[in-house]
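Q: Hey, I'm new to this one. Can you walk me through it?
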Amino acid sequence: MALQTMSLSGRKKEVSNKKMTFLERLYLWTIIKGMMITIGHLFTRKVTIKYPEQVRERSKVYRGQHLLKRDEQGRENCTACGLCALSCPAEAITMTASERKPSEKHLYREEKYASVYEINMLRCIFCGLCEEACPKDAIYLTESKVLVPSQYDREDFIFGKDKLVMPLTEAMKNAQLKNAN
Ligand code: SF4
Ligand code: SF4
C-alpha cells in the first residue's frame, strides 16, 4: 500500500489544489454553512447551567464531606484502629493513636482514640471506602453539598479533627431524637 493512501480513521480527505472560482473566493457559501451550524446550536438542548445560581441535581449515591461521629453520650466513636487509612486507595488518611486516661472516659468511647486524625482533601476521591471499612460506626460521608473550599496553601486542605468531628450539639440532638422514638 502506498504511504499517501493510508488513513487510520478512514476519514482522510484529499486536499484539492485546483484554482478557486470567483464565487468560491467570496467564501459566501462557507460563511452561510458556518452560520447555519451556529444558529442550529441555539435550538439544541443547553448543556451548561448558570452556576452558582443554578445547581445540578446530585446523584442518589452522592458522597459529601466526612464526619467523625460521636455516640449518644457525646463521646467520639473512633478507636484509631487504622482500618480506614488502610482501605483508603488515595492514602489520604493519617492518624495518631493515644490511650484514654481515666478522666477522659466522657470524651472517648473506647480505651484507645485518635488524638490526631487528618484527611488530605487534595488526595481524597470521596469513594466511601473508609466508611465501609470502619468497624466502629465512626466515620461517615455526609450528604453535605458544601464542597472543599478553594485555598492558596496546601496545608489548608488537610482537614483535622476540628473540621471532621461531629459538633457536640448535633450529637445531643441525635440522642434526644433517638430517645423520643
Ligand atoms: S472517601 Fe475514599 S479517598 Fe477519601 S478518605 Fe475515604 S477512603 Fe480515602
Ligand atoms: S474511623 Fe473507624 S476505621 Fe478509622 S480509625 Fe477510627 S474506628 Fe478505625
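Predicted model: local features only at pLDDT ≥ 70, side-chain atom pairs only at ≥ 80, totals over all residues.

Q: Okay, is Cys 84 buried or exposed, and why?
A: Cys 84 is buried, because 27 other C-beta atoms lie within 10 Å, and the cut-off for buried is 20 or more.

Q: Which residues does Cys 84 touch, if we skip its neighbours within four places in sequence?
A: Cys 84 is in contact with Ile 93, Cys 130, Ala 133, Cys 134 and Ile 139.

Q: Where is Cys 134, then?
A: Cys 134 is in the loop between H4 and strand S4, which covers 139-141. Cys 134 and Cys 84 are 50 residues apart along the chain, yet their C-alpha atoms are separated by 5.9 Å.

Q: Buried or exposed for Cys 134?
A: Cys 134 counts as buried, because it has 20 C-beta neighbours inside 10 Å. Setting aside neighbours within four places in sequence, Cys 134 is in contact with Leu 83, Cys 84 and Ile 139.

Q: What does UniProt say about Cys 84 and Cys 134?
A: An unreviewed UniProt entry has a "binding site" annotation that covers Cys 78, Cys 81, Cys 84 and Cys 134. These four are spread over 57 residues of sequence but cluster in space, with a largest C-alpha distance of 10.4 Å.

Q: And which residues are closest to ligand 2?
A: The closest are Cys 78, Cys 81, Cys 84, Cys 134 and Lys 136, out of 14 residues that surround ligand 2. By class, that shell around ligand 2 has eleven nonpolar, two polar and one charged residues.

Q: Switching to ligand 1: what surrounds it?
A: The shell of ligand 1 is made up of Cys 88, Ala 90, Ala 92, Ile 93, Ile 119, Cys 124, Ile 125, Phe 126, Cys 127, Gly 128, Leu 129 and Cys 130.

Q: How does the shell around ligand 1 divide by class?
A: The shell around ligand 1 has eleven nonpolar residues, one polar and no charged.

Q: Where does UniProt place the "binding site" feature that includes Cys 88?
A: The unreviewed entry puts that "binding site" at Cys 88, Cys 124, Cys 127 and Cys 130. They are spread over 43 residues of sequence, but they cluster in space and the largest C-alpha distance is 10.4 Å.

Q: Tell me about Cys 88. Where is it found?
A: Cys 88 is in the loop between helix H3 (83-87) and strand S2 (93-99). Cys 88 is buried, because 20 other C-beta atoms are within 10 Å. Apart from neighbours within four places in sequence, Cys 88 is in contact with Ile 93, Leu 129 and Cys 130.

Q: And where does Cys 124 lie?
A: Cys 124 is in the loop between strand S3 (112-120) and helix H4 (129-133). Cys 124 is buried too, with 21 other C-beta atoms within 10 Å. Again skipping neighbours within four places in sequence, Cys 124 is in contact with Ala 90, Ala 92 and Ile 119.

Q: You mentioned strands. In what order do they form a sheet?
A: Three strands form an open sheet in the order S2-S3-S5, with antiparallel pairing. S2 and strand S5 (158-159) are the edge strands, each pairing on one side only.

Q: How many bridges are there between S2 and S3?
A: S2 and S3 pair over seven bridges, in the antiparallel sense. Glu 99 stands opposite Lys 112 in S3.

Q: New topic. Where does UniProt place the "transmembrane region"?
A: An unreviewed UniProt entry places it at residues 26-44. Over residues 26-44 the chain is 84% helix and 0% strand, and the end C-alpha atoms are 30 Å apart.

Q: What about helix H2, how many of its residues are buried?
A: Zero of the 15 residues of H2 are buried, and H2 is hardly covered.

Q: Last one: why does H6 lie largely in the open?
A: The number of buried residues in H6 is one of 13, so H6 lies largely in the open. Met 172 lies in H6, which covers residues 168-180. Met 172 counts as partly exposed, because it has 14 C-beta neighbours inside 10 Å. Met 172 and Glu 72 are 100 residues apart in sequence and 6.5 Å apart in space, C-alpha to C-alpha.

Definitions and conventions: Residues numbered from 1 in each chain as written. Chains lettered and ligands numbered in written order. Near = placed C-beta within 6 Å. Nonpolar A, V, L, I, M, F, W, Y, C, P; charged D, E, K, R; others polar. Helix = DSSP H or I, 4+ residues; strand = E, 2+ residues; numbered from the N terminus. Buried ≥ 20, exposed ≤ 12 C-beta atoms within 10 Å, placed from the backbone. UniProt positions renumbered as here; feature names shortened; annotations may be inferred. Contact = placed C-beta atoms within 7 Å. Pairing = 2+ DSSP bridges.
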